[in-house]
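Reader: I have a structure open beside its sequence. Could you take me through it, one region at a time?

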Amino acid sequence: MIPVAEPDLKGNELKYVTDCVVTEWISSLGKYVRAFEERMAEFCGRRYAVSTCNGTAALHLALVTLGIGPGDEVIVPALTFVATANAVSYTGATPVFVDAERDYWQLDPSLLEGLINERTKAIMPVDLYGHPADMDAINEIAQRHHLYVIEDAAEAHGALYKGQPCGSFGDISCFSFFGNKVITTGEGGMLLMDDADLCERARFLHNHAMSTTERYFHPEIGYNYRLTNVQAALGLAQAERLDEFVRIKRDNAALYAEHLADVPGITLAPEADWARNVYWMYSILIDDDYPISRNAFQVALKERGVDTRPFFRAIHTMPCHQREESFPVAEYLSARGVNLPSSVKLTPENIAYICQQIAELAG
């Protein structure tokens, strides 16, 4: 079975993790935590970074750091992983959904103005499947309405918007380092920002809101969102190879596009002329004129030794975030999208085989 994703741990991962074990610095106090934070901040051109135990914690911490809570509203895409909306709900605020646009599958900035009211406090765009959102348009609207922007770059390590790294936009940006991400710590996340006060606030809250002057004094309710030294050791080793991973993913995407170019009924992964898609997942749409449905397509590929994943389910269709409104583009993409194997360990022969099966299923 060719998996959808698997990590490549052939760099300094074992060396750094072994150092943690030998020195017995395995908690959140070891040297690799700050080294990993500094590496990611430098990569994204940010001044500060605060690591967290996972990407969802990073999103929640970003929101509470900015003071978002009950009675507030945060605009999020209808098509993304549910963690984006869940993090808003954790604060007591309400996620307000906005539809995707058809060309690049990202949040549609043209729809934002109609959703903003006196309760709106932030916009949380997502760089879905490794393609950046239209940050200039989003930032312009946010600035005009005095809203925060939190960039959810969980899937876009190394992607570029107009030459600028994803993770460098907004008041705060967030990454995930889950096991299937471009770089991984197994579980892990990070906030990046340029404001020293926001960094200090995030560090305070993510360590149980413990006073910096009196140990075990906690003037507020905080969170245990710290990353361990062992995880950070993995992350630092992975970050050292981030440029290599991006190159491989883009090379693999080019092979997919070449092999699938003439297969009818398939929409290939997009890339805007202002973007560098990192193709976290090589994603395609199974169009209505393909001879079998999306679900049947996935079953058939699995029978041929190829694992896949469907697109995220549109969040407003799930009971925990049910809405009466329709978000037609998000629903269209969600119903037709498939993530093909996207590991940096894929060989050209793997990709040729996968595409051959897709072509045969197309008849």
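Predicted model: local features only at pLDDT ≥ 70, side-chain atom pairs only at ≥ 80, totals over all residues.

Reader: Where does Asn-339 sit in the secondary structure?

Author: Asn-339 belongs to strand β14, which covers residues 337–340.

Reader: Is Asn-339 buried or exposed?

Author: Asn-339 is buried, because its relative accessibility is 4%, and the cut-off for buried is under 20%.

Reader: Which side chain makes a polar contact with the side chain of Asn-339?

Author: The partner is Ser-283, and the polar contact between the two side chains is 2.7 Å.

Reader: What sheet does β14 belong to?

Author: Strand β14 is part of an open sheet of four strands, ordered β10-β12-β14-β13, with antiparallel pairing. The edges are β10 (266–267) and β13 (309–310), each of which pairs on one side only.

Reader: How many bridges join β13 to β14?

Author: Two bridges join these antiparallel strands. Within that pairing, Pro-310 has Val-338 in β14 as its bridge partner.

Reader: Which helix lies across β12 and β14?

Author: That is helix α8 (residues 242–260), which runs at about 25° to β12 (282–286).

Reader: Let us turn to charges. How many salt bridges are found in the whole structure?

Author: The search of the whole structure gives 18 salt bridges. As background, side chains of opposite charge can pair when their charged atoms come close.

Reader: Which residue forms a salt bridge with Glu-37?

Author: Arg-34 does, with the closest N and O atoms 3.1 Å apart. Both residues lie in helix α2 (residues 31–44), three residues apart, which is about one turn of the helix.

Reader: What about Lys-162 and Asp-136?

Author: Their side chains meet in a salt bridge of 2.7 Å, N to O. This pair links distant parts of the chain, 26 residues apart: Lys-162 is in the loop between β6 (160–161) and β7 (164–165), and Asp-136 is in helix α5 (residues 135–144). Asp-136 is partly exposed, with a relative accessible area of 39%.

Reader: And where are Arg-304 and Glu-360 placed?

Author: Arg-304 is in the loop between α9 (294–303) and β13, while Glu-360 is in helix α11; the pair links distant parts of the chain, 56 residues apart. Their side chains meet in a salt bridge of 3.0 Å, N to O. Arg-304 counts as partly exposed at 30% relative accessibility, and Glu-360 counts as partly exposed at 43%.

Reader: Which residues are linked with Arg-241 in a network of salt bridges?

Author: Asp-8 and Glu-244 are linked with Arg-241 in that network.

Reader: You mentioned α11. Where does Ala-359 stand relative to Gly-265?

Author: Ala-359 is found in helix α11 (residues 348–361). The C-alpha atoms of Ala-359 and Gly-265 are separated by 10.0 Å, and the two residues are 94 residues apart along the chain. Ala-359 counts as partly exposed, at 32% relative accessibility.

Reader: What is Phe-36 in contact with?

Author: Leaving aside neighbours within four places in sequence, the contacts of Phe-36 include Phe-177, Met-190, Leu-227 and Leu-236.

Definitions and conventions: Residues numbered from 1 in each chain as written. Heavy atoms only, no water. Buried < 20%, exposed > 50% of the residue type's maximum accessible area, 1.4 Å probe, protein only. Polar contact = N/O pair within 3.5 Å; in protein donor to acceptor, adjacent residues only side chain to side chain. Pairing = 2+ DSSP bridges. Contact = heavy atoms within 4.5 Å. Axes fitted to C-alpha atoms, helices over the stretch in contact; angles between N-to-C directions. Salt bridge = Lys/Arg side-chain N within 4 Å of Asp/Glu carboxyl O.
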